[in-house]
Amino acid sequence: MAESESGQDKTEDPTDKRKKDSREKGEIARSKELNTLAVMMAGAGGLLIFGGALAQALLELMRLNFSLSREVLLDERSMGIFLLNSGKIALLASQPVLLLLLLAALIGPISLGGWLFATGSLAPKFSRMNPLSGLKRMFSMHALTELLKALAKFFVVLIVALVVLMFDRDDLLAIAHEPLELAIIHSVQVVGWSTLWMALGLLLIAAVDVPIQLYQSKQKLMMTKQEVRDEYKDSEGRPEVKQRVRQLQREMAQRRMMAAVPEADVVITNPTHYAVALKYDAEKGGAPILLAKGSDFLALKIREIATRHQIQLLESPALARSIYYSTEVEQEIPAGLYLAVAQVLAYVYQIRQYRAGKGKRPDPLKDLPIPSDLRRDS
């Protein structure tokens with residue numbers, strides 16, 4: 001069982017965040033044996049598929065460079081021309097095999113862990129320059145494992161090579177008695193098949209190494225219970241910080257709400273426990289909007305601001321509770337309260353006319369029409 005530096009057992013599977021951070025650092029499972037196998041298989045396949053064309057190119061190079069006329073040998077400039085022509089022929093002939101090797105070198109690492117380009121891996125790590133750390137790595141369990149894998153790979157390749165040489169002994173001896181052109185083609189085929197069999201021998205090493213690398217990679221990412229809790233707190237936010245943020249958000253919302261009270265047309269009260277401030281814009285149309293609402297201390301503050309700015313206060317406990325519980329700040333009142341609020345706004349308009357000396361004092365409002373589904377008992 002893995003144990004952390006703090007002494008706690010790493011019994012928890014890695015979280016998604018832990019895996020993501022590990023990938024960003026370039027710490028993912030990689031198998032050098034799998035990469036070696038992919039490159040060798042590609043090289044053997046390239047020799048078997050394109051070996052004939054490669055042998056023909058070798059023959060052409062030999063004819064070009066070993067059948068020179070006297071004039072060419074005496075011309076100093078011909079050396080460069082022949083070198084360029086030879087390089088062109090060799091490059092074109094080996095290009096398919098080189099492309100296969102390049103693809104194998106890319107696909108091998110991607111097949112285990114996926115594509116990854118981590119800039120953090122390029123940064124210098126001065127801890128690797130510490131001689132003591134280097135000695136510790138040299139005599140670690142990981143170094144012993146790599147040594148055993150190297151020895152196993154050496155013996156597997158050696159045994160496969162001896163078996164291949166034993167079976168290809170007649171072909172290799174026959175090459176010496178074949179014409180040059182046929183001998184070159186035959187040699188390329190023998191090398192291709194020999195490489196393929198040795199690559200298949202490495203298949204056993206890769207089949208053992210890949211699960212080991214996956215297991216070791218997972219063990220490095222394993223977490224203690226405390227690490228899981230700490231990561232959850234960091235990702236979700238610590239409770240005390242989140243509580244403080246919510247408190248600040250409430251205070252900011254309350255300040256904006258109180259700043260909007262002077263724009264209200266009427267403040268309807270409970271009269272002491274609830275207060276709601278409404279505004280109706282006849283030019284924009286629509287329903288009246290709730291500018292502010294509050295209970296107890298907030299209700300008192302709304303009434304104080306309304307009194308200071310000469311906003312009409314109206315006592316209607318049932319309507320105040322209905323609006324408080326059914327409508328959010330800066331939202332329109334529900335359709336069921338249109339008629340009751342319309343009567344309130346009409347009453348407020350008549351009060352303003354009366355105070356301006358343009359009408360008689362209106363009768364107090366009684367029994368406002370509030371639907372039963374919107375009523376809230378005290």
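Axes, in what follows, are lines fitted to C-alpha atoms, for helices over the stretch in contact, and the angles between them run from 0 to 180 degrees between N-to-C directions. On that basis, the axes of α2 and helix α4 (residues 78-110) come within 8 Å and cross at roughly 170 degrees. Because angles over 145 degrees count as roughly antiparallel, α2 is roughly antiparallel to α4. The structure is a predicted model, and its secondary structure consists of 13 helices and four strands. Of the 378 residues of the protein, 31% count as buried, and among contacts between residues at least 6 apart in sequence, 74% join residues at least 24 apart.

**Helix α2 and its two partners**

- The contact of α2 with α4 is made up, by class, of 20 nonpolar, eight polar and one charged residues.
- Helix α2 (residues 32-66) also pairs with α8, the two axes coming within 7 Å and crossing at roughly 175 degrees, and α2 and α8 are therefore roughly antiparallel to each other.
- In the contact of α2 with α8, the classes are represented by 26 nonpolar, six polar and four charged residues.

**Helix α4**

- The 33 residues of α4 should span 48 Å at 1.5 Å a residue, and the end C-alpha atoms of the helix are 46 Å apart, which agrees with that expectation.
- A bend of about 50 degrees is found in α4 at Q95, and a proline, P96, follows within four residues.
- The buried residues of α4 include S78, F82, S86 and I89, and also A93, V97, A104 and G108.
- Several of these positions can be read against the helical repeat: an α-helix has 3.6 residues a turn, so residues three or four places apart point the same way.
- The elements that cover the buried residues of α4 include α2 and α3 (70-74).

**Helix α8**

- Helix α8 (residues 180-221) contains 42 residues and reaches 59 Å from its first C-alpha to its last, which is close to the 62 Å expected at 1.5 Å a residue.
- At I205, α8 bends by about 30 degrees.
- V188 is found in helix α8 and is buried, its relative accessible area being 11%.
- Leaving aside neighbours within four places in sequence, V188 is in contact with L47, G51 and A55, while the C-alpha atoms of V188 and F50, which are 138 residues apart along the chain, are separated by 9.5 Å.
- L214 is likewise found in helix α8, but with a relative accessible area of 43% this residue is partly exposed.
- Not counting residues up to four places away in sequence, L214 touches A29 and L112, and the C-alpha atoms of L214 and S31, 183 residues apart along the chain, are separated by 8.9 Å.

**A buried aspartate in a loop**

- D265 is found in the loop between α10 (239-260) and β1 (266-269).
- Because buried means under 20% relative accessible area, D265 counts as buried at 15% relative accessibility.
- With residues up to four places away in sequence not counted, D265 touches L278, K279 and Y280, I311 and Q312, and also L345, V348 and R352.

**Loop residues with positive phi**

- Q310 has a positive phi of about 60 degrees although it is not a glycine, and its place is in the loop between α11 (297-308) and β4 (312-315).
- The relative accessible area of Q310 is 74%, and Q310 is therefore exposed.
- E330 has a positive phi of about 70 degrees, although it too is not a glycine, and E330 lies in the loop between α12 (317-326) and α13 (338-355).
- E330 is exposed as well, with a relative accessible area of 61%.

Note on methods:
Residues are numbered from 1 along each chain as its sequence is written. This is a predicted model: local features need pLDDT of at least 70, side-chain atom pairs count only at pLDDT 80 or more; totals for chains, interfaces and linings use all residues. Side-chain values use heavy atoms; hydrogens and water are left out. Helices (H or I, at least four residues) and strands (E, at least two) are DSSP runs, numbered from the N terminus. The expected span of a helix is 1.5 Å times one less than its number of residues. The bend at a residue is the angle between axes fitted to the seven residues ending there and the seven starting there. Buried means under 20% relative accessible area, exposed over 50%, partly exposed in between (1.4 Å probe, protein chains only). Contact means heavy atoms within 4.5 Å. Angles under 35 degrees count as roughly parallel, over 145 as roughly antiparallel, 65 to 115 as roughly perpendicular and the rest as oblique. Ala, Val, Leu, Ile, Met, Phe, Trp, Tyr, Cys and Pro count as nonpolar, Asp, Glu, Lys and Arg as charged, and the others, Gly among them, as polar.
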